[in-house]
Amino acid sequence: MKLKSETCEAIDKLIPQYPVKRSAVLPLLHLVQGDQGYISSEGIEWIAEKLELAPINVYELVTFYPYFRQEKLGKVHVRVCRTLSCALVGAYDVADRLAEALDCPLNTTKANGDFTLEYAECLASCGSGPVVLVDEDLYEKVCEKDVDGVADTILAKVNGSVENKETA
């Protein structure tokens with residue numbers, strides 16, 4: 001697996017800090033995902049070998065923690081909160097409408113790699129739901145009529161014509 005030299009240096013400095021090598025598995029997963037954008041099968045095997053573990057011991061962590069990804073994200077990462085407070089005010093309808101507007105099923109990355117559209121468990125804005133997070137821009141109180149504007153912003157981001165959040 002090809003990692004950036006800075007990542008390799010960080011890994012080499014990190015492992016000796018732990019009295020038991022296997023204890024470094026989570027920090028290594030973070031470093032590899034930061035470098036590659038996700039944790040591939042090759043990455044799992046590489047970390048397992050580096051820490052003298054069976055690959056299943058790394059895989060079980062990758063699949064347990066939702067932060068770790070096994071596939072690359074699209075150019076733009078779109079998350080719709082579906083926690084109770086957002087769900088009660090229409091998050092599922094917003095998500096369905098957004099999937100339709102972007103022509104991308106929920107919880108997938110569009111085939112051309114432009115964006116990933118998925119549910120999130122909590123975006124920490126319970127009083128202003130439904131909320132949609134586009135990369136790091138939070139759109140609050142998004143209702144179905146706002147979806148086309150949010151979708152237009154997402155498409156503009158993909159094309160590089162939007163730098164800052166526009167009000168939905």
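This is a predicted model: local features need pLDDT of at least 70, side-chain atom pairs count only at pLDDT 80 or more; totals for chains, interfaces and linings use all residues.
1. C104 itself sits in the loop that runs between α6 (91-102) and β2 (108-109), and because its relative accessibility is 3%, under the 20% cut-off, C104 counts as buried. From C104 to T116 the C-alpha distance is 8.3 Å, although twelve residues separate the two in sequence.

2. The largest nonpolar core has 28 residues, and those with the most contacts inside it are V78, V80, L98, V132, V134, V150 and I154. At least two residues of this core come from each of β1 (76-81), α6, β3 (115-120), β4 (132-134) and α7 (147-158), with α6 giving the largest share, six residues. Another core, of 19 residues, lies apart from it and includes L14, I39, A48 and L61.

3. As for V80, its contacts beyond four places in sequence are with A91, A95, L98, L117, E118, Y119, A120, V131 and V132.

4. Helix α2 (residues 25-36) has twelve residues, which at 1.5 Å a residue should span 16 Å, and the 16 Å between its end C-alpha atoms agrees with this. The buried residues in α2 are V25, L28, L29, V32, Q33 and D35; because they cover an arc of only 160° around the axis, they lie on the same side of α2. These buried residues pack against α1 (5-14), α3 (41-50) and α4 (55-64).

5. Just after α2 comes G37, whose phi is positive, at about 95°.

Key: Residues are numbered from 1 along each chain as its sequence is written. Side-chain values use heavy atoms; hydrogens and water are left out. Helices (H or I, at least four residues) and strands (E, at least two) are DSSP runs, numbered from the N terminus. Buried means under 20% relative accessible area, exposed over 50%, partly exposed in between (1.4 Å probe, protein chains only). A nonpolar core is a set of buried Ala, Val, Leu, Ile, Met, Phe, Trp, Tyr and Cys residues joined through side-chain atoms within 4.5 Å. Contact means heavy atoms within 4.5 Å. The expected span of a helix is 1.5 Å times one less than its number of residues. The arc is that of the directions from the helix axis to the C-beta atoms.
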